[in-house]
Structures are given as structure tokens and as C-alpha cells.
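Please open the structure in a viewer and keep the selection tool at hand. The tour moves from one selection to the next.

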Amino acid sequence: MDQEQTVVAQSKVETDPETIALYLHDLKLNYHRVGLETGTMAQWLYTGLAQAGLPVFCLDARKVKGFLKLDTTNKNDRNDARGIARMMVFGTPHVVHVKSGQSQRMRALLAARKTVQIKMIDLELFVRGNIRQFGLKMGPVTRPKWEARVRELIKDDPFLQELIEPVLVCWRTLREQLAKLHKQILQITRQDPTCRLLMTCPGVGPVVSLSFKSAIDIPERFTNSQSVGASIGLTPKQNQSGEMNTNGRISRAGDESLRTVLVEAAMTLMSRPRNSWLKAWGLQVAKRRGFQRAAIAVARK
């Protein structure tokens, strides 16, 4: 599409960066902007097209959807492509940052660890709930002694033994794999100077430091440190119109996984006996606004 929004060429090709780049180069046109929207393959497509020398931009899919609704009521691939091309004619609004390959790999590692951890906890809750209906209560128990405690409770019931044994095998396997994934994270953070620096902050461990580094990716893309908190949804929503100006709950925009680990780290920091200036500041906020809001404030700070 040219500057007058006239369609110069259109075609349907395989969703592959090499195929798309070859098609565009064969047209022998001078491209100012090439747009695609965020999605499961956006990272792969963006990297391939950028390596092919094309001026590619990745757009927020939610913003693209709103723009397309203004243009047509019929949603299909053809109208979507024309709508994105029309957005590129107007400029590059709603461009999102595409993370580097290394950051993408670290996020995949963290996601794998979190997934295994969730499944393991699900099995623990399943076992607790099922044996409880037979009057068997686990009580407080540490994870290293969890399996032994379960076997102790069900040793006199052959039916429960046959029922729970496969679950225990799955739980043990998940725990072993979780340890392997966590070991990989430890090895990476020990060798990374940025992660080691981040871990000097109280409450910040290997998982939090690697999550923060991989999410931020390129610090220079932020104008100042305060904009980081806003980008991950830790700042209040603002609703301003004329004389009305109200602040609501946090926006919860951006990276949910990073926001979650930062809040968890803040709660750990404020609950543990170790003292620090950040904990003292958070406790002062808690006296005025409550513990939950103080934890958000500490996470943002």
C-alpha cells in the first residue's frame, strides 16, 4: 500500500519469514514500514524479517483489533492485512518491544520451571483433598518429608495405596525435573553480572533477578526508572476528564509473570526478620495504607 492508501500488491504466502521476505524483495519496491501484530509466531517472524533487511514493526494486537473495527465489520485475513498496511501508512503507533533471542530463551526456561511447579502443587492438593475425605489429615509438613507423610497415612488402606501410588510417582518425577530446571537458573544467574547485582537487593533471588532482566531486556528503551513500574502494570490507573481526576487500582498491564514475582519478593522482604531500608520504608507505608498496598509499593520501588 502506498502513501495514498492504494493497494500496490497483495498475495497469500506461507507463514514463514524467508518466504515473506523473498516475496517482498521480488516486488522490488522501496519499503518504509512493514507491520505485523503480536502473536505466538511474532518473535520468529520479526527476527527473520529484520535479518532480511526489512524495516519491520510489531504492533499490539489489541490496538490493531480496535483500529480494524473502525474500518470494517467483516473480519478476514484480507481485511486484516489491509488494515495493518493502512496503520503503517499513518506511522508506527502502538509498537511493542520484541525481546532479544537470549531474553526469549530465558523466559522460556522460567515458564517451564513455573509450569512444572504448578503441576506439582496441583498433585499435592489432589492428594491432600482425597485422603482428607477418609479422615486422614496431612497437617503442616515440609516438602522433603511430604511423600513419607503421605505413605505413613495410607499404609493401612490398600485401596488408597493403589490409588495414590501413581500420583506419588508423578509427583516425585516433577520434583526431580523442577530441581533440574532450577539448577539451570542458578547456573545462569551466577555467571551473569546483572543478575548478581540485582540479587544484592533484599528479597531478590535467582528467579526474580532473571525474570526482571529477561523482561526488561534493553534498559535503554525506558526514559527513566519510574516508567518501568508503569510498563509492568504496578502504577494506579488514572481517569481524568475536566475537573475530575481519580486514581484507581493498579493497571495490571504488561508482563504479568514479572509483576507476580516482584510482588512475591516484596511480601517475602516485608515478612522476613532481615532488616533493610526498603523493608523499613514498606512497613511505614503499611501502617498508613495496609500490607497489600504496601507490598505493591515495595514491588514498584
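The stops below are taken in order along the chain, beginning with a single residue. Please note that the model is predicted.

**First stop: aspartate 60.** Select aspartate 60, which sits in the loop between strand 2 (56–59) and helix 3 (61–71). Is this residue buried or exposed? With a relative accessible area of 13%, aspartate 60 falls under the 20% cut-off and is therefore buried. Next, display Thr38, His94 and Val96: these are the contacts of aspartate 60 once its neighbours within four places in sequence are set aside.

**Second stop: helices 6 and 7.** Select helix 6 (residues 146–154) together with helix 7, the latter spanning residues 158–191. Their axes lie 11 Å apart and meet at an angle of about 175 degrees. The angle is over 145 degrees, so the two helices count as roughly antiparallel. On the side of helix 6, the contact is formed by Trp146, Glu147, Val150, Arg151 and Ile154; helix 7 contributes Leu160, Gln161, Ile164, Glu165, Leu168, Trp171 and Arg172.

Remain on helix 7 and select phenylalanine 159. Its relative accessibility is 54%, and phenylalanine 159 therefore counts as exposed.

Select residues 291–300, which make up helix 13, and highlight its buried residues: Ala294, Ala295, Ile296, Ala297, Val298 and Ala299.

Conventions
Residues are numbered from 1 along each chain as its sequence is written. This is a predicted model: local features need pLDDT of at least 70, side-chain atom pairs count only at pLDDT 80 or more; totals for chains, interfaces and linings use all residues. Side-chain values use heavy atoms; hydrogens and water are left out. Helices (H or I, at least four residues) and strands (E, at least two) are DSSP runs, numbered from the N terminus. Buried means under 20% relative accessible area, exposed over 50%, partly exposed in between (1.4 Å probe, protein chains only). Contact means heavy atoms within 4.5 Å. Axes are lines fitted to C-alpha atoms, for helices over the stretch in contact, and angles run from 0 to 180 degrees between N-to-C directions. Angles under 35 degrees count as roughly parallel, over 145 as roughly antiparallel, 65 to 115 as roughly perpendicular and the rest as oblique.
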